[in-house]
Structures are given as C-alpha cells and as structure tokens.
Amino acid sequence: MGEKLLLDCTLRDGGYVNDWNFGHDNLVSVFERVVDAGVDMIEIGFLDERRSFDINRSIMPDTDAVARIYGRLDRKNTMVVGMIDYGTCGLEHIRPCEESFLDGIRVIFKKHLREPALEFCRALKELGYKVFAQLVSVTSYSDGELLDLIRLANEVRPYAVSMVDTYGLMHQNNLMHYFDLLNKNLLPEIGLGYHAHNNFQMGYANCIAMLSNQIERSIVVDGSIYGMGKSAGNAPLELIAMHMNNACGKHYQISQILETIDSNILQFYHPATWGYNMFYYIAASNDCHPSYVSYLMNKRTLSIKSINEILSRLQGDKRLLYDRDYVESLYVDYQNHEVDDKADRKRLSELLADKELLLIGPGTTVQAQRDRIDRYLSGKHPVVISINYVPAGLKPDFIFLSNAKRYVQLASRLTQERYTVIATSNVTGTSEGVFAFRLNFSSLMDPDAEICDNSLVMLLKALISIGCRQVTLAGFDGYSSEASNYFNMSMEYDFVKKKADYLNDYTIRFLREISGKLSVRFLTDSRYGGADGQI
C-alpha cells in the first residue's frame, strides 16, 4: 500500500486571514512545533515576486527569502514545501533545490492554465524539486478536462496531483468520483492529494473518506492548525492527525499542535474569524464564487430566499468566475417583477395628490428632534408615510416597502397591526392581497446608479408620478462614515458607511433635479438640506 501523508498549510493558507503577517517569532514557533509533532510535510508560505521581503510574513519574493526566515531551523524528517500561484513567481526567483531550503514546490492553477502551468511544473522538477500540481476548483473540471489534465501530468510526472476544493463544494460522492478518475489514470508513481475547505463542514469527513482508500500510490491530505484559512477555513490539522493516529498507524504528537493553537494561532482568530458560517454555506450550496454572495448580501434589500433564487440563475463558468456586471444584471432582472400598477397609481393619486405629506425615515433625528415632528403633526395633521420600517410611537397612514429583507423582518407586525402598505413589485407578500398598493419596481429604480434602488428616491419618484407637488421629510439625515446612520442600531449596514459620500451626493443631485416637479422641505436636520429649508 502507498504511504498516507499529512501536510500542514497553516503558514500559507492561514495567511489569507492576516495578510501572512504572523510575526517572525510565530513563524518559527509554528514551524518548530509542526516538525516536532512529526507532521510529514509543512508548507511555509507563498513564493510571490510581487511582494517585498518581510521577515514577519510567510509570503516571500524568492527562495533566498525562504532561507532568510527558516534556513537555520531543524526540519528533522519533515518535507518543507512552498507554494506558487502560477504566474506570480518566475523561474528566475527560484534557486535549484540543492541551493534552497525547500524540498518541494506546490503550483496552483486554474483549469484554463493547465497546459502552461504543467510546463512550469516540469521546469521546477528539472531544478530538483518535488513538484505538486494543485488543481484549483477541481469541481469546475468536466471529466474530459480532467482526463486532459491527467495526460499532461503523466508527461511531466510531478510528485503529486492534488484536488483543491476551492469553494468547499465537495461531498463524498463527488470527491470519490474525482479520486477514482485520477487514481485509475495517473501513472502509479504520482501521488494523489486533497485540500479541503469547510463551507459545508465536510473538510474533516472528506479527509477521512480520502484516507480510507487502500491504493498503491501515496495519498497526501492537507490540514491547517485550528482550521485557520481563507473564508470557511480548512480541515483542522489536529483532527486529521488524531484520526491518522487511530486509523493509519501514525504517531503524530497532538499536544504540540494544541500548544501551537494556544500560543500562536488563537491571537489571529478575532477579529478575522474563519470557519463555517451562513455566508460560505450559501456560496457552496449554489456552487458559486463567494463574491456573488457578498455582493447580493451587501445590497441589504434581499431576503436569503431571494439571494438563493438569484444565485440559481448563474450560468456555466460564470458561477465560479466572479463578474460584478453580470450579477448586477441578474439582480435588476430579479427585482423587476412587472405588475399592472395603473389602477393602484390612480387610487393613490386620489388619496395623496392634494394632501399635506410627511415622510418618515429611520435616521437618528426621529428621536433626537421628536419635538419638531410632534408639533408638525399636531399643527398640520399630515398624511404620514414611513419608509421600510414602523417608527416607534407613531402610526403611519402608509408604509412604503421597497426592501424585501425589511419586509421579512416586519411581515407579522404589518399583518397583525393592519398597516396600509405600498410595496414595490420586487417585494413578495406572504399571502395574496397583503399589500394594498403595488408599484412597478422598474419604473422607480435608477439603472445608472451604483445603488439602483435608493428607497427615498423611489418613493419621491412615485409621488411625482401620482401628481403630488410637495412633501416634508423627517428622519432622512443623510449618511455618515463615522456616526450611526439609524436610530435603531440593528438597521445599521457596514456598506452604507463605506458609501456614505456617494449616497449623500447622489441624493442631493436627485433632489435638485426634481425641484421643479416636487417641493421638498426638511423638518429635521439633514445632510441633504437644512431643516425648514428647500432644496
């Protein structure tokens, strides 16, 4: 039977968490404890010519930098490897293996680069290194593409070919499908590896499944200490080592790894935090790039159900190759549920066109300047419309809903307290007839804006379309990158603070553009205009 080997990738994959800035003492300590634990291989970081030398970081411009950080350490019986993301470190930065601290180099590459990447692997092998071909996002390979990769690998004969589950999509059935295809077709002297990610909490289980195979070639499984790594993290090294001690006759010193967790790794867990969470679960369950999930979640207008429905529309290679314009087009298309809103607009015009209107937003001035609002209510008796929330101590005549996520949070209350809701067509009610009025999303959104569905802008457009000539605003404070933007902290969004200047400038421009159609007066202080002032 072939050997079963454990590789620690903490100092490389874990570096995504802290920009590889472990600190020199931690780099040395992790290295020494992993070696003392008897782990078969340790990956000491990235080789990347774009980065300058920093003795505190495990991302290094060349093999000389590796020696400057680790060269005086005792590797004992552990194989020392580095990693190159193909195209980021040329051969001119790699000394021959006999002049290097490294025993091996792992090369990661996407499937469309497999031919030049394998030629690069050949050149590294000629320099004397044990070379690992790391198949990024192996789940993106068709059987035909994988067989072509195997043909290239058989020509080069690397030390090992490794399946990299980049987005944590694998369960044991598809893991074993790729395993069998590789095992049956690779030359017998080529080892077979597996690098897990934990989006589905399957990393450890899949490593056990991988190691359960009794085959003639060697098997290499990757783990990182405490699962430290990009996004959902990796299979925890300490768990795999424990399993291999019990099932594979190994004698790894688990206590050394646990000491490393306590002394070197836990300090990086907060505020970075890696490991399983809903965000990475959604990405994995839709077989897609995590950036699609973050883009849609940062909209803060979509329920999780809606996000999943949009992600289900991703097509082909686009699923794993992130394209912002593509997902934005899917978002707009999804939101655009066309309804015939002529009758509803006519009814709203009859109810609101000639009325005194007060629009209530969720800014902090709703509480801080409540006296102004109360005086206005008692003196003017306006029709009150709140936007995407129910203001405390006030019962609005209408609630304007343009945000599906806010609706999910408010649905029960809206039904129980019998609020009259004006909803845009992208918001789906929990039952038929739950909304008194429905307006087409597409007629109110701004396709040219960075944030196409600003709720205040959409409501003002709707009021103009039904013949309203003036409105008063309270609680529309504008946005700050530092202070709280909402009276209720649970409504705060990180992306709002990052986009504060853009949102303010966009709204001010819009208010100026509509000044001839709608008179807008501010009752409470606002970055869009002074209280009691006109735009």
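I started with strands β10 (residues 357-360) and β15 (residues 470-474), which pair in parallel over 3 bridges. For bookkeeping, strands (E, at least two residues) and helices (H or I, at least four) are DSSP runs numbered from the N terminus, and two strands pair if DSSP finds at least two bridges between them.

This is a predicted model, where local features need pLDDT of at least 70, side-chain atom pairs count only at pLDDT 80 or more, and totals for chains, interfaces and linings use all residues. Residues are numbered from 1 along each chain as its sequence is written, and side-chain values use heavy atoms, with hydrogens and water left out.

Next I checked who faces Leu359. In β15 Leu473 stands opposite Leu359, and in β11 the bridge partner of Leu359 is Ile385. β10 and β11 run parallel and are joined by 4 bridges.

Which residues cover the faces of β10? I found Leu357 and Leu359 on one side, Leu358 and Ile360 on the other, all buried (under 20% relative accessible area, with exposed over 50% and partly exposed in between, 1.4 Å probe, protein chains only). In a regular strand the side chains alternate between the two faces of the sheet.

Then I zoomed out to the sheet. It is open, with 7 strands in the order β14-β13-β12-β11-β10-β15-β16 and parallel pairing. The edge strands, β14 (437-439) and β16 (519-522), each pair on one side only.

Last, I looked at a helix on the sheet. Helix α21 (residues 455-465) packs on the sheet and touches β10, β11, β12, β13, β14 and β15 (contact means heavy atoms within 4.5 Å). The direction of α21 makes about 160 degrees with that of β10; axes are lines fitted to C-alpha atoms, for helices over the stretch in contact, and angles run from 0 to 180 degrees between N-to-C directions.
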